[in-house]
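Visitor: I would like to learn how to read a contact between two chains. Can we take it step by step?

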Amino acid sequence: MIKVQKESENIMIDSSAQLGKNIIVKGDVIIGKNVIIEDNVYIDYGCIIRDNVHIKKGSFIGARSILGEYLMDFYKDKTNKVHPLVIGENTLIRTENVIYGDNIIGDNFQTGHKVTIRENNKIGSNVRIGTLSDIQHDCNIGNYVSIHSNCFIGEESKISDYVWIFPHVVLTNDPTPPSDKLFGVIIDSFAAISARSVILPGVHICEDSLVGAGAVVTKDVLKETVVVGNPAKKICSIKDIKDKVSGKPVYPWRYTFKRGMPWEKSDYETWIKKLDIQK
Amino acid sequence: MIKVQKESENIMIDSSAQLGKNIIVKGDVIIGKNVIIEDNVYIDYGCIIRDNVHIKKGSFIGARSILGEYLMDFYKDKTNKVHPLVIGENTLIRTENVIYGDNIIGDNFQTGHKVTIRENNKIGSNVRIGTLSDIQHDCNIGNYVSIHSNCFIGEESKISDYVWIFPHVVLTNDPTPPSDKLFGVIIDSFAAISARSVILPGVHICEDSLVGAGAVVTKDVLKETVVVGNPAKKICSIKDIKDKVSGKPVYPWRYTFKRGMPWEKSDYETWIKKLDIQK
Amino acid sequence: MIKVQKESENIMIDSSAQLGKNIIVKGDVIIGKNVIIEDNVYIDYGCIIRDNVHIKKGSFIGARSILGEYLMDFYKDKTNKVHPLVIGENTLIRTENVIYGDNIIGDNFQTGHKVTIRENNKIGSNVRIGTLSDIQHDCNIGNYVSIHSNCFIGEESKISDYVWIFPHVVLTNDPTPPSDKLFGVIIDSFAAISARSVILPGVHICEDSLVGAGAVVTKDVLKETVVVGNPAKKICSIKDIKDKVSGKPVYPWRYTFKRGMPWEKSDYETWIKKLDIQK
């Protein structure tokens, strides 16, 4: 049953684990109950895979990552309840991530080091999350979302497809802290939130907008709008921003940028036309 | 003497350790000299408990946490000096915390993941510190203080009881960086410091005040005052803030919020009257 | 050949490793191929030293640090390519650092906990990097640079000698995010960047200048200039800043501060005169 290529004797795999073909498990790894590991998965040194984790094929789990981390209900009686974690195909998780149970993560997920993801999140495919970022619980993150280093994504944030969140951004949610109210931030598709900005509770950032670095966003940001400052104010339309070298418009960015995007092999217009035809 | 429920042979416990009843120690744990572990403590995989650490009863120490971490004097001769760490009862430390020696921490302490706490801090009871927060040395933190994710608490900060510090807040201390002067921030009881604000050296934030998200606080904040902006300026009294739904006043928050507070089972007024009568 | 003082049997050292005298290796350490460890190095519990790492004499590597971490090319075929990492003499790396291959780091390097350093950086001697800081790739960091806790140093940053960067500072690089352009921040000698400020792409911060806490720096900062605010604006010359107690000028700081600097044993003027004479 266990056909794993074990590198060390100091590996503990619960007998209930279902393991596919061509799996590599390095030393000091612990694998709990009802874990499913599909083919061609690589688990680096010292990972702790707690119970009810399902890792899909071709994934890499970096050294000392903890998957299926305990929720609060564990600590009362030190007994792990059933909180499944599903990690999609071809995931690349770097070292020392902590990902809780009760999460569903799509394919081609990629993280930096020391990322924390709490419970009850729905994360789409082709999402990237940078080093030290901290995703709280009950968030909804679309496809092709890029969250850079050290962002804080507060509970109940809703982030649509193709959103960019740059380093040290904070999404808040409590309108009158401390309180029991939670108004998550809503970010629509193709919006870009620049480094070290903070978005206040319940703010809605609309499609194609751009939040400047260090902004404190207290009000909704309209479509295709650029806001900067503390408090953030509109300074122009995204269409007014020109590339300093070429002098050409840069935004909406989907027409000028394609690395890692589904239109990478052609361009956005060609890709979207094909999609439309397929429909 | 050692009645510990060991899960693995790869556990090293120094013979000087004093261990209570019903202790669980998972694999790859190292326990140093003169460590005291009271009853019903659970130490998860890979923790390093260095010398002179005292963990009181009912506590949980998350995977790979390092307790009693070396101070600077270790590195000169690679010999650990006596720097005791005391951790109160019913503590819940999540994974990968690093807590130095020479700290006294009260009961019911709770942390997120990857918290760092340096030496010479006095931390009260019922304190919570969020994921990635970094507490520097020589701080004084009262009771029922909540420090959220990824805060930086500079040396010589003084934080009174019932203070709330939200994600990514920075408390500074050097008035003319770089210098050898240290003027820690002082935060009085019931103050709330919203996300991603920074407080300048020596600033005194008075009771019941509210610092807005992203504020840069350069001057003292008076009692019951709301400040926002860069530089932060007073915009109103906390009593002017109404709940958006109910239209009722929200602050002082102790009259409208009770989760995790000692008045949780009744309300602040009832609780404080009882306390007064008991005196 | 291997004269190492091993504390545990659970240590894996590749036979190609070249090990000096008086090396201490604690338990659960893994040492890869073509690793060179010079005399008097101490490697604490659970470190992973991947291939082609050279640790110079007298260095201390904190528990669970990962040196020579995989670059992106590893993940394609799970084979480590040659990306050497050189760590200078008398380095003090605290716990849980991740330092990639293809880095050259000078002597007397010192880090806090959980620092991440990506590939292709050149880091001078006597550099200090604080807890949680994240150094991206292709940066150039001079000598006697101090980067405090939780800073983000974006790709292609250029930081000269004697620069101070305080907690939670972000150096950005993408002028029109997301794009494939990279304009790294340039910081000249003796500049001080206060806590939680953010520097926009391509900004040049000149010698002896001072950026205030929480500033959002959108334009170049001239020599000896103090800027604060969002957007940051000049408020005075550094020479206008007086010590609050003594009333004396504080800046340029090299005349008033010497802890950890090469002029520590005398003063800057004496030291620089000696250097000039030696030339």
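Visitor: How many salt bridges does the rule find across the interface of chain C and chain A?

Guide: A salt bridge is a side-chain nitrogen of Lys or Arg within 4 Å of a carboxyl oxygen of Asp or Glu. Across the interface of chain C and chain A, the rule finds 3. One of them joins Arg259(A) to Asp180(C), with the closest N and O atoms 2.7 Å apart.
This is a predicted model, where local features need pLDDT of at least 70, side-chain atom pairs count only at pLDDT 80 or more, and totals for chains, interfaces and linings use all residues. Residues are numbered from 1 along each chain as its sequence is written, chains are lettered from A and ligands numbered from 1 in the order in which they are written, and side-chain values use heavy atoms, leaving out hydrogens and water.

Visitor: What is the area buried between chain C and chain A?

Guide: The size of an interface is often given as the accessible area lost when the parts come together. Buried area is that loss for two parts, taken with a 1.4 Å probe and summed over both. For chain C and chain A it is about 3,300 Å², and carbon and sulfur atoms give 60% of it. Tyr75(C), Pro177(C) and Pro178(C) supply 18% of the area that chain C buries against chain A, more than any other three residues.

Visitor: What rotation superposes chain C on chain A?

Guide: Copies are superposed by least squares on the C-alpha atoms of residues with pLDDT of at least 70 in both. The rotation is 120°, with 0.0 Å of shift along its axis and an RMSD of 0.0 Å. The two copies are thus related as by a three-fold rotation axis. Of the residues of chain C, Asn230(C) comes closest to that axis, its C-alpha at 3.8 Å.

Visitor: Is Cys236(C) buried or exposed?

Guide: Buried means under 20% relative accessible area, exposed over 50%, and partly exposed in between (1.4 Å probe, protein chains only). Cys236(C) is buried, at 17%. Its place is in strand E34 (residues 233-237) of chain C.

Notes: Helix = DSSP H or I, 4+ residues; strand = E, 2+ residues; numbered from the N terminus.
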